[in-house]
Amino acid sequence: MALRLILSNRLQSFTSKRMYQPFLHMRSLVKCNTSLYQSDLWMSYSTLQHYWVGSYKLVNSNTLTGNQSVRHYAKSRDKKKSDKGHKKKVQINKELLAEVINVSAMQEQMLGAIEKLKNDFVKNLSLRSTSGSIETLPITFEGKDYILQDLAQVVRKNPKTVVINMAAFPQAIPTVVQAISKSGMNLNPQQDGTSLFIPIPKVTKEHRESLSKNAKALFIKCRDGIKDSQNKFIKAVKIKEKDGLSQDTANEITNYITQVATDHISTAEKMLEAKQQELLNEA
């Protein structure tokens, strides 16, 4: 009612000929005594519509709108979503850690597994088998570890054939044949006296898929090696705990060892994905 009275008093002095005129703008700010929200109340513009016959009409009168700002707190489920993919690093005292386990030895063992996987990928998973990858093929003979070129002469006779001369160690021929067949290079050596002839296979889809499976097998071997190192050092922590190491400290060091192993396994997984993509890409 008060607004209508104000408008009726002002209508007599309103002489503008424009179709719509802003007439009233009222703002009231309401603040609540809480940090959760505050609300701004606005009185909308009321406009007068001018009619050419000389009368006026109130349009959108007394329309009260609320503009409310609310602070939303993250739910536990939302927090889990935001934290997904962001692993929290375990913070631990390095001096205390060094007193319980040999950190450098642990890192060396796990990095060694990664380096071995990298070398195995290069040597055993080439789409085009080369004489170089055959020369460095590991051979266990009479209880000792060798590479093939220590026992034989490897020659690439032509682009499609590799010849291995085993005249120096003919007694190692069965072992060499078995190692070549299980190398993952899809090679099938043929013996002729003290020589082995190896036809180089064509790069087919089946060959690519076979190499991809071999890559997965090499990764699993690497992963298991890292986990063996992890279990070895966690066992050492448990022994220290029995000797008086606090349970909280033992748990922190165990979590650290697990995190380091997980990081190395993640690196190996990325290597596997890249290698399989390379092997299966026919472009």
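Contact here means heavy atoms within 4.5 Å. In this predicted model, helix α7 (residues 173-181) lies across β8, β9 and β10 (195-199).

- Four strands make up an open sheet with antiparallel pairing, in the order β7-β8-β10-β9.
- The edge positions belong to β7 (153-158) and β9 (190-192); each has a single partner strand, so one side of each lacks a neighbour in the sheet.
- On average, neighbouring strands of this sheet are turned by 25° against each other, direction ignored.
- Strand β7 is joined by five bridges to strand β8 (residues 161-165), and the two run antiparallel.
- Within this pairing, V155 is located opposite V163 in β8.
- Helix α7 runs at about 10° to β10.

**Helices α4 and α8**
- Helix α4 (residues 103-124) and helix α8 (residues 205-242) have axes that come within 10 Å and cross at roughly 170°.
- Angles over 145 degrees count as roughly antiparallel, and α4 and α8 are therefore roughly antiparallel to each other.
- Residues of α4 including M106, M110, I114, L117 and F121 meet residues of α8, among them L211, L218, F219, I226 and F233.
- By class, this contact of α4 with α8 comprises 14 nonpolar, four polar and four charged residues.

**Loop residue E142**
- E142 is placed in the loop between β5 (138-141) and β6 (144-147).
- Although E142 is not a glycine, its phi is positive, at about 55°.
- Most residues other than glycine have a negative phi.
- E142 is exposed, with a relative accessible area of 65%.

Conventions
Residues are numbered from 1 along each chain as its sequence is written. This is a predicted model: local features need pLDDT of at least 70, side-chain atom pairs count only at pLDDT 80 or more; totals for chains, interfaces and linings use all residues. Side-chain values use heavy atoms; hydrogens and water are left out. Axes are lines fitted to C-alpha atoms, for helices over the stretch in contact, and angles run from 0 to 180 degrees between N-to-C directions. Angles under 35 degrees count as roughly parallel, over 145 as roughly antiparallel, 65 to 115 as roughly perpendicular and the rest as oblique. Ala, Val, Leu, Ile, Met, Phe, Trp, Tyr, Cys and Pro count as nonpolar, Asp, Glu, Lys and Arg as charged, and the others, Gly among them, as polar. Buried means under 20% relative accessible area, exposed over 50%, partly exposed in between (1.4 Å probe, protein chains only). Two strands pair if DSSP finds at least two bridges between them.
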